[in-house]
Amino acid sequence: MLERMYGITPQEELPPPTPEVPDLSITIQENEETYGRFVAEPLERGWGVTLGNPIRRSLLNALSGTAITWVRIDGIHHEYSTVKHMREEVVEFLLNVKGIRLRSLADRPGRLRLEVDGEGEVRAGDIMATADFEIVNPEHHLATLDNGGARLSVEFNVEQGVGYEPANQEEGLPIGVLPVDAIFTPIRKSNFSVEATRAGHRSDLERLIVEVWTDRTIMPLEAMKLASKLLMDCFLPFTQVSEPVGGEDDRTEIDGVTPEVFNTLVETLALSARTHNCLKRAGINRVGEILLLPKSELMKIRGFGEKSLDELYVKLAEKDFLPHQHDTSANDE
């Protein structure tokens, strides 16, 4: 009728509008043995730094790796000694040991052995191979023997961990066991940058560039995926948060423990790196979460032994965080 009265021609139905910003795409520009470069675009303004900073922090601080934690050299009782016919002092040798990069093939601690006789350079590749570990930098220099009668016999203790753990001289190690700074993290360096980009008619968008340098024990792409997954696992509880329902299984308080003490962060206890890393891997971040767990459950945490348990309860007692009616014997049940 409108067409007859006013001469209006009905227009065709318009297609649904297309989104102004295309879906996010991630491009792998480089993924070599020790270096990777990844580009994510397009991002709304401000999201480059919002995503880049936690990814970088996760890469540097949260990825696990394998490292030597102590050595035992035949005939040596402390790090200030010298090995006959070896040019390097023991302290220098221990510094060289820190540079050995290991890839774990069995995800468990173990031991390695070095037996060298005669004159020549000793490298990481001279360490006896096992089915549990692979040395990824066999060319790494360890020592130089300058006499045909020289002999170097070393035992290495290998463990898994996160981040960096300095050598601890107070662990009660027997005489002759020399602790070594353990560099567990497989990431040498990480960096991100944000550039302006455009998509269609939008010119206010961003491009995120993430660069990763590894120690050859992990590929950069794999490191990026692991770091991103760790972030997803951390953010997931925030998407599932709900009003507390109260009940015996969801206790958020303990008799004799104030809410302030219950919510105190574990970092404030000044625990050793090993004990703190074990609790962190188990998702225990508050003092109250420790007090809610029986000692038997704490002992089930990977790498958490009697020594760590004793240290933890000593620190809690020093801070007066243990409830007065807290019966430690009950926690053993």
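Q: Which residues of the largest nonpolar core touch the most other members?

A: In soluble globular proteins, nonpolar side chains tend to be buried together. A nonpolar core here is a set of buried Ala, Val, Leu, Ile, Met, Phe, Trp, Tyr and Cys residues joined through side-chain atoms within 4.5 Å. Buried means under 20% relative accessible area, exposed over 50%, and partly exposed in between (1.4 Å probe, protein chains only). The largest core has 30 residues, and Val71, Ile73, Phe93, Ile100, Leu114, Leu152 and Phe156 touch the most other members. Elements that each supply at least two residues of this core include β3 (64-73), α3 (90-98) and β9 (151-162). A second, separate core has 20 residues, among them Leu271 and Cys278.

Q: What kind of model is this, and how are residues numbered?

A: This is a predicted model, in which local features need pLDDT of at least 70 and side-chain atom pairs count only at pLDDT 80 or more, while totals for chains, interfaces and linings use all residues. Residues are numbered from 1 along each chain as its sequence is written, and side-chain values use heavy atoms, with hydrogens and water left out.

Q: Why does Gln160 count as buried?

A: Gln160 counts as buried because its relative accessibility is 14%. Gln160 lies in strand β9; helices (H or I, at least four residues) and strands (E, at least two) are DSSP runs, numbered from the N terminus. A polar contact is a pair of N or O atoms within 3.5 Å; within protein, one must be able to donate a hydrogen and the other to accept it, and residues adjacent in sequence count only if both atoms are side-chain atoms. The side chain of Gln160 makes such a contact with the side chain of Ser104, at 3.3 Å. A polar atom of the Gln160 side chain also lies 3.3 Å from the backbone oxygen of Arg108.

Q: Which residues of helix α9 are buried?

A: An α-helix has 3.6 residues a turn, so residues three or four places apart point the same way. In α9 the buried residues are Ser308, Leu309, Leu312, Tyr313 and Leu316. They cover an arc of only 125° around the axis (taken from the directions from the axis to the C-beta atoms), which puts them on the same side of α9. The face turned away from that side carries the exposed residues Lys307 and Glu318.

Q: What do the buried residues of α9 pack against?

A: They pack against α6 (273-281), α7 (287-292) and α8 (295-298), where contact means heavy atoms within 4.5 Å.
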